[in-house]
Amino acid sequence: MRFDHVVFDLDGTLLNTLRDLADAANFVCRANGWPEHTVDEYRYFVGNGIPKLCWRFAPETARDEAAQKEVLAQFSARYDAHKEDTTAPYPGIEAMLDKLEAAGVRYGVLTNKEDSLAKAVMEHYFPGRFRFVQGAVPGVPTKPDPTALRRLLARMGADPARTLFVGDSDVDIHTAHNAGLPGAGVLWGFRTRQELKAAGANALADTPADLARIVLEGAVHNSPQAAR
């Protein structure tokens, strides 16, 4: 049975934002005289929202509440000014969305990015495409807590039994399962096949075209271990 709705993660799934995130973070590190980190390290720093990213790249001496408030302000200012320097949709994403639309599949985005930033980013890179974009808002726990996902599904009018959650990290797979949805992992993002399989991904997509097939054919496995 095919899926009628899809909810996508943003960073590492639809958009390759890694370099701009890493550059903004390392700018803050340089400004404060802290060690910088490699782009590959940032693959594991992102995924739980920008406040958590700031906590991860800062040294232990700058992880108290007052210091983190300043780190977050520095990062946000830099990232806001440079968030489009290298960020772009992954190859094949637009064609995949076209195919889903042609088949009548409705889709949305759930991200741990701050809500207004998430909406601005999506409208910039996918103008007019995404009616349903949900980012982090005060008072609502972020992924992998399922609260925001359940609220988004209600807004979309989506039946959880016919909805697929798609992301590139264990956070996304756990979010899907916590809400009672199957989770598909994408292999072009920030994390590895091993991480996605260990998290219990119900399907793995090598390319956006492969993901479209999974959605339209309902090609997921009830047993996570069956994901290839």
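**Aromatic rings and their labels**

Modeller: Phe75 has 0% relative accessibility and therefore counts as buried, where buried means under 20% relative accessible area, exposed over 50% and partly exposed in between (1.4 Å probe, protein chains only). This is a predicted model, where local features need pLDDT of at least 70, side-chain atom pairs count only at pLDDT 80 or more, and totals for chains, interfaces and linings use all residues. Residues are numbered from 1 along each chain as its sequence is written, and side-chain values use heavy atoms, with hydrogens and water left out.

Colleague: Why does Phe57 count as buried?

Modeller: Its relative accessibility is 1%, so Phe57 counts as buried.

Colleague: How many aromatic pairs are there?

Modeller: The count is 6. Rings of Phe, Tyr and Trp (its six-membered ring) pair if their centres lie within 6.5 Å; planes under 30 degrees apart count as stacked, over 60 as edge-to-face and the rest as tilted.

Colleague: What makes the pair of Phe8 and Tyr107 edge-to-face?

Modeller: The centres are 6.1 Å apart and the planes 70 degrees apart, so the pair falls under edge-to-face, over 60 degrees. Phe8 lies in strand β1 (residues 5–8) and Tyr107 in strand β4 (residues 106–114), so the pair ties together parts 99 residues apart in sequence. Strands (E, at least two residues) are DSSP runs, numbered from the N terminus, as are helices (H or I, at least four).

Colleague: Why is the pair of Phe57 and Phe75 called tilted?

Modeller: The angle between the planes is 40 degrees, at 6.1 Å centre to centre, so the pair is neither stacked nor edge-to-face.
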